[in-house]
Amino acid sequence: MMPALALVREADYARIAQRFIAGLTAQLSNSKSAKRTAEVSLGRWNVLFSVARSRNSRELFDRAVRVTPGGVHSPVRAFKGVGGTPIFFRSAQGGTMTSVDGREYIDFCQSFGPLILGHRDTDVAEVVREAIDTAWSFGACEPYSLELAEWITSRLPWVEMLRFVSSGTEAVMSALRVARAATNRNRILKFEGCYHGHSDSLLVKAGSGLAGEAASSSAGVSDQVASDTLVAPLDDEEAVREVFDQHGQEIAAVILEPLPANYGLLIQRREFIDEVIKLARANGALVIFDEVISGFRVALGGMAELLGIRPDLVTYGKVIGGGFPVAAYGGRKELMELVAPVGPVYQAGTLSANPVGIRAGLATLQKVERANAYAQLEERTANFCDELKSRLKERGLPFQVTRTASIFWLHSTTDQPIRRIEQIPSQNAERFAKVFHAALDRGVYLSPSGYEVNFVSLAHPDELLERASTVILEAAGLAVP
Ligand SMILES: Cc1ncc(COP(=O)(O)O)c(C=O)c1O
C-alpha cells in the first residue's frame with residue numbers, strides 16, 4: 001500500500017509549500033533568531049513531505065539504470081558516495097534547482113563548478129538565445145572564439161596562445177601531449193589526490209614500489225600507459241625530490257592542481273608549490289597548472305594569478321564555458337606552436353569552439369569582470385563559511401568548513417589543516433552522507449560526496465546562504481549520535 005503522504009500530488013505540494021513559505025515570511029521579524037526558528041520549522045515541514053516528493057525521481061532512476069550504467073552519465077551523480085536514490089532535476093535558476101517532483105533546492109553543487117553566476121544568469125541567457133538564433137556550429141572559422149581567445153590572452157600574460165576544446169579531460173590530455181613533444185620525454189609526474197580528467201595516463205594512483213611509480217586506478221588502462229605516469233604525495237617536498245632524483249631526466253612535465261579540489265579541498269603550502277616548480281625547472285620538466293576548477297573561479301587568472309606564478313602550460317574548463325562544454329589549454333607561444341596545423345602535435349575536435357558555448361563563456365567572464373565578482377564572492381562565502389564554522393563549533397558538532405574564495409568543503413573536524421588524502425578522517429564519508437541526506441530533506445543540495453567541494457555563485461544572496469547555514473547546522477546535528 002502506498003504511504004498516505006505519497007498521495008499528496010507534486011502540484012499540491014508546490015502550492016501548499018508556497019503558501020506556507022509566504023505565511024512564514026510574513027511573520028518573520030528582523031530578528032535573526034526568529035528568522036532561524038521559522039526556517040527550522042520550514043525544514044521540519046519539508047522532511048514530513050519527503051516521501052511524496054521523491055516519487056518521480058525514483059521512477060526515473062529505475063528506468064535510467066536499465067539503459068545507462070548506474071543510471072548516470074558521470075559516476076558521482078549516482079549518489080554512490082552518499083547512498084540513496086539520486087534526485088532528478090527538471091529546471092534551475094540562480095542559486096536553486098527544482099526537482100521533477102516540484103521541490104526547490106538551494107544548490108551548492110552548481111554543476112560541479114562552472115556556474116559562477118548561478119544557473120541561467122539573465123544576461124548570459126540573452127546572449128545564448130541570440131547565439132542559438134545565429135548558428136549552432138560551423139566547423140569553420142568564426143569570430144566568436146577569436147573574441148574569447150583575445151579576451152583571455154590580453155588579460156592572462158602566461159596564456160600567450162590557446163586552443164579551445166570541449167572538456168577538461170581533453171584540455172589536459174592535449175597539454176600533456178604538447179609537453180611530451182616539447183621535451184622529447186615520455187613520463188609525467190602527478191600528485192596523489194589531484195584529478196585531471198579521465199584520459200588513460202591520468203587514471204593512475206601511487207604504486208607500492210619505487211619512488212613515484214604508479215599503477216592504473218581504472219580497469220582498461222594498460223600497464224604500459226600507467227607506467228608513463230609517476231605519482232607523488234602532496235605536501236611532501238622530500239618525496240618529490242626523491243622522484244626527481246630517480247627520474248628527473250625522464251619527466252616531460254609536472255601536472256598540478258595548484259588548488260587541489262577533487263579530493264576535498266587540499267590547500268597546499270606555498271613552499272610546497274614553489275619547491276615542485278623549482279625541481280621541475282632544474283630538471284628540464286615543464287610545469288602544467290590544471291586550473292579546470294580554479295581558473296576564472298578563485299580569481300580571473302585563477303591560482304596562477306593568486307600565486308604570481310607563470311606555468312608553462314595551463315588548462316581551463318568549467319567557468320570558461322559558463323555552463324556549456326568549453327575548455328582550453330594554453331601557455332607559452334613556442335609550446336603552443338607545436339600544435340597542428342602549425343606544428344607536429346595532432347589535436348582536433350568537431351565541436352571545438354562551439355559558438356553557443358564560446359559566447360556563453362565570454363558573456364560570463366565579461367559579467368564577472370564587470371560585477372567585480374571575485375571580491376563579492378569572497379566576502380559572501382567567507383561570511384557564510386565563518387558563521388557556519390563557528391555555529392558548528394558552538395554546538396560542539398564534529399564538522400568543519402575549509403574554504404578558498406567561493407569554494408568550500410564540509411568535512412569532519414581535524415586538529416591540523418588537511419593537505420593530503422590520508423589526513424582525511426576515516427569516518428568522513430560516512431558522516432558526510434548523513435549530513436547530506438538530512439540537508440537534502442530540508443531543501444539544500446550539497447555536492448553528493450564527502451570528497452567533492454561545493455560552490456557559491458553570485459546568485460547565492462546572503463538571505464539564501466543564511467537559510468542554507470541553518471539547514472546544514474541542523475543536518476550536522478542529526479548526523480552525530
Ligand atoms: C582539475 C580538473 N581537471 C580536469 C577535469 C576534467 O574535466 P572534464 O570533467 O570537463 O573532462 C576536472 C573535472 O572535474 C578537474 O576538476
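Me: At what angle do helix α5 and helix α13 pack?

Reply: Helices here are DSSP runs of H or I with at least four residues, numbered from the N terminus. Axes are lines fitted to C-alpha atoms over the stretch in contact, and angles run from 0 to 180 degrees between N-to-C directions. In this predicted model, α5 (residues 122–134) and α13 (residues 355–370) pack at about 155 degrees, with axes 9 Å apart. Angles over 145 degrees count as roughly antiparallel, so α5 is roughly antiparallel to α13.

Me: Which residues of α5 and α13 meet?

Reply: Two residues are in contact if their C-beta atoms, placed from the backbone, lie within 7 Å. From α5, Val-124, Val-127 and Ala-131 are among those that meet α13 residues including Val-356, Ala-360 and Lys-367. The contact divides into nine nonpolar, one polar and three charged residues. Ala, Val, Leu, Ile, Met, Phe, Trp, Tyr, Cys and Pro count as nonpolar, Asp, Glu, Lys and Arg as charged, and the others, Gly among them, as polar.

Me: How many residues surround the ligand?

Reply: A residue is near a molecule if its C-beta atom, placed from the backbone, lies within 6 Å of it. Here 15 residues surround the ligand, and Ser-167, Gly-168, Thr-169, Gly-197 and Val-292 are the closest. Helix α7 (residues 168–183) gives the largest share of this shell, three residues.

Me: What pLDDT does the chain average?

Reply: pLDDT is the predictor's confidence in each residue, from 0 to 100. The chain averages 92, and 89% of the residues score at least 70. Over residues 1–11 the pLDDT is below 50. Where pLDDT is low, predicted coordinates should not be read in detail.

Conventions
Residues numbered from 1 in each chain as written. Predicted model: local features only at pLDDT ≥ 70, side-chain atom pairs only at ≥ 80, totals over all residues. Helix = DSSP H or I, 4+ residues; strand = E, 2+ residues; numbered from the N terminus. Parallel < 35°, antiparallel > 145°, perpendicular 65-115°, else oblique.
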